[in-house]
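Work through the exercises below with the sequence and the model open. Each task is followed by a solution in steps.

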Amino acid sequence: QRVGAAGVMIADNTCLCSFQDVCHPDPGHDCEIREPIMADDGSGSDISIPSFLMFKQDADLVKAELMANHVVRMEMQWSLPAPDDRVEYELWTTPTDTISKDFQREFKEAAVALGDRAYFTPQMYIYDGLRSGCVSLDGENECYNLCTNNGRYCATDPDNDLDRGISGADVVRESLRRMCIWQHYGAVNGVGAEWWDYVNEFMYRCDTEEFFSNNQCIKDAMIHANIDDVKIDQCMSDSGGLEEDEENALLEVQLTAKDKSGVVILPAMYVNRVSIRGSLEFPTVFKAICSGYFTGTAPDVCATCDTCPDIKSCISNGYCGSKKLQESVSTMNMIYALAGLSTVFCLFSFIQHRRYERQMQAQVKGIIAEYMPLDQNQMQNTAVSDEDDIEFT
């Protein structure tokens, strides 16, 4: 970037095992099971040019042309898949993730406005304790209070103090609780208004060292979010619980999903299975969702608010712009309507007046035409009478 590059193409030098039939590994190199992850390690905030990773079988062809001193022109193109009239989006986070709090606090209205045209899935990021070495050879938990289920499922300590405050096990427990809430209140329609409400209530009431794992505080948050705490406790227990040395079905699903997605940096937002780059902000996510619909199938809220300067207010109010502007527009529309009606009325009156005048003129002419013969007859009669009088005289 500093020397003027418009972008960076990174050529993988190892074949994927799934492409061994078309990829030829270099001598001494074994194939790799998973595709390398292109992720920001936190130091890339000043990088603005794009970068792409090419599989070895594709990169070898380009390298061969370059080695032959041939000019290679490449096009870098990226866009969200838009397969149908419903968008799937998911958020990878943890109950102690501070970066995504504002988003989780604000996005409920958008989720409700999008309705069943967008399916949301909250994903809780946890660590596999078995892979992380938190279970010893004799089956003992080696990671103290960072894990549950005897070291199987773990989370980092948010305050980096194993002796006080919120523990990793507390984070795993709250993660499981939110997964159960979603399973009962959001998995069917993909909106999960109660899930959003609970997260907001928890952040408002219990998101402190003192109350994070306080059962009464958590119950109070569920009550305010209209969630049945008994049903959620039963879900957590039925999935395998957190105390015994056994698998938890819901947490195992999360570990599998994490491996498939390749998430390494939190929080992470995916729309139609594509990672959304940039800050996790309301407008960024909403616009990404609206751009993920097949052409002509986006819901009305996208057409109304996608290009609005204040998307949140637009979704809340149902229109883009201020109330004052809307009222002024309504007033002007009323004025224009009245002016139009007045013009039509005046024109109609003028036409009627002219028509009435023509009718009156016609009637007057008719009356005059009838009286003129009578006047002539009278004149003739008068002349005769005068002659008679003369003769009589």
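The model is predicted: local features need pLDDT of at least 70, side-chain atom pairs count only at pLDDT 80 or more, and totals for chains, interfaces and linings use all residues. Residues are numbered from 1 along each chain as its sequence is written, and side-chain values use heavy atoms, with hydrogens and water left out.

**Exercise 1.** Describe the disulfide of cysteine 180 and cysteine 235.

Solution. 
- Step 1: A disulfide is a pair of cysteine sulfur atoms within 2.5 Å. For cysteine 180 and cysteine 235 the S to S distance is 2.2 Å.
- Step 2: The angle about the S-S bond is -80 degrees, and the link of cysteine 180 and cysteine 235 is left-handed.
- Step 3: Cysteine 180 lies in helix H4 (residues 168-185) and cysteine 235 in helix H7 (residues 229-238), so the bond ties together parts 55 residues apart in sequence. Helices (H or I, at least four residues) and strands (E, at least two) are DSSP runs, numbered from the N terminus.
- Step 4: Cysteine 180 and cysteine 235 are both buried. Buried means under 20% relative accessible area, exposed over 50%, and partly exposed in between (1.4 Å probe, protein chains only).

**Exercise 2.** Work out the strand order of the open sheet of 3 strands, then examine the link of cysteine 147 and cysteine 154.

Solution. 
- Step 1: The order is S5-S7-S6, with antiparallel pairing. Strand S5 (127-128) and strand S6 (147-148) are the edge strands, each pairing on one side only.
- Step 2: Two strands pair if DSSP finds at least two bridges between them. S6 and strand S7 (residues 153-154) have 2 bridges, and threonine 148 has tyrosine 153 in S7 as its bridge partner.
- Step 3: Cysteine 147 and cysteine 154 form a disulfide with sulfur atoms 1.9 Å apart. This link of cysteine 147 and cysteine 154 is right-handed, with 100 degrees about the S-S bond.
- Step 4: Cysteine 147 is buried at a relative accessible area of 7%, and cysteine 154 is buried at 5%.

**Exercise 3.** Where is cysteine 17, and which residues does cysteine 17 touch?

Solution. 
- Step 1: Cysteine 17 sits in the loop between strand S1 (8-11) and strand S2 (51-54).
- Step 2: Its relative accessible area is 27%, so cysteine 17 is partly exposed.
- Step 3: Not counting residues up to four places away in sequence, cysteine 17 touches Cys31, Glu32 and Ile33. Contact means heavy atoms within 4.5 Å.
- Step 4: Cysteine 17 and isoleucine 33 are 16 residues apart in sequence and 5.5 Å apart in space, C-alpha to C-alpha.
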